[in-house]
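Reader: I have a new model open and would like to learn how to read it. Could you walk me through it?

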Amino acid sequence: MINWLRQPIMPVKPNLQLKDYQGTPIDIAAISQESPVLVYFWGSWCHVCTITSPKVNQLHQDGYSVVSIAVKSGDNAQLGQYLQRHQYHFTTINDTDGQIFANWQGQVTPSFVILYQGKMTQGMAGISPLWMLKLRLVLHHYLPI
């Protein structure tokens, strides 16, 4: 219950057209038109994220759509080095000042949002096992916020 209360909340007019830490444009709304997208809010400084990030990376490697937002995790070079060192290959947007996370009323990392056709269908916070993330992405229509 507490994780439900701490889940992110989609802004009224969210900015879903962003750039990843390497400067590549990412249109999350467009990506979510065909299949659900897991938006993963995390930080390189977050101890719990060291448990969830490998699971999110596996989800990405298994072919699910994942866009991560690294909250206050250094500049682009530092973030790139962190991702490389840990061999994380998911798409990552650098939220250097935490403003994106704040716009989603994020309270804790890790936090997750599932977007489908540009709309939030689910949100959660805290540790989520890989099987649960997969289940939520597959059943996103049936698991209400």
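**Reading a strand and a serine**

Author: Gladly! Keep in mind that this is a predicted model. Let's begin with strand β3 (residues 37–42): six of its six residues are buried, so the strand is largely enclosed by the rest of the structure.

Reader: Which residues point each way from β3?

Author: V37, V39 and F41 point one way, while L38, Y40 and W42 point the other way, and all are buried.

Reader: Which way does β4 run relative to β3, parallel or antiparallel?

Author: For pairing, look at the bridges and the direction. β3 and β4 run parallel and are joined by six bridges; F41, for instance, has I69 as its bridge partner in β4. With strand β6 (residues 111–116), β3 runs antiparallel, joined by five bridges, and here V39 has V113 as its bridge partner.

Reader: What do β3, helix α3 and β4 make together?

Author: They make a right-handed β-α-β unit, with α3 covering residues 49–61.

Reader: Now a single residue. Where is S73 found, and is S73 buried or exposed?

Author: S73 is found in the loop between β4 (65–71) and α4 (76–86). Buried means under 20% relative accessible area; S73 has 7%, so S73 is buried.

Reader: Which backbone atoms lie by the side chain of S73?

Author: Two to look for: the backbone nitrogen of S44 lies 2.9 Å from a polar atom of that side chain, and the side chain of S73 reaches the backbone oxygen of V71 at 3.1 Å. Leaving aside residues up to four places away in sequence, S73 touches W42, G43, S44, W45, Q78 and L79.

Note on methods
Residues numbered from 1 in each chain as written. Predicted model: local features only at pLDDT ≥ 70, side-chain atom pairs only at ≥ 80, totals over all residues. Heavy atoms only, no water. Helix = DSSP H or I, 4+ residues; strand = E, 2+ residues; numbered from the N terminus. Buried < 20%, exposed > 50% of the residue type's maximum accessible area, 1.4 Å probe, protein only. Polar contact = N/O pair within 3.5 Å; in protein donor to acceptor, adjacent residues only side chain to side chain. Contact = heavy atoms within 4.5 Å. Pairing = 2+ DSSP bridges. Right-handed = clockwise from strand over helix to strand, strands pointing away.
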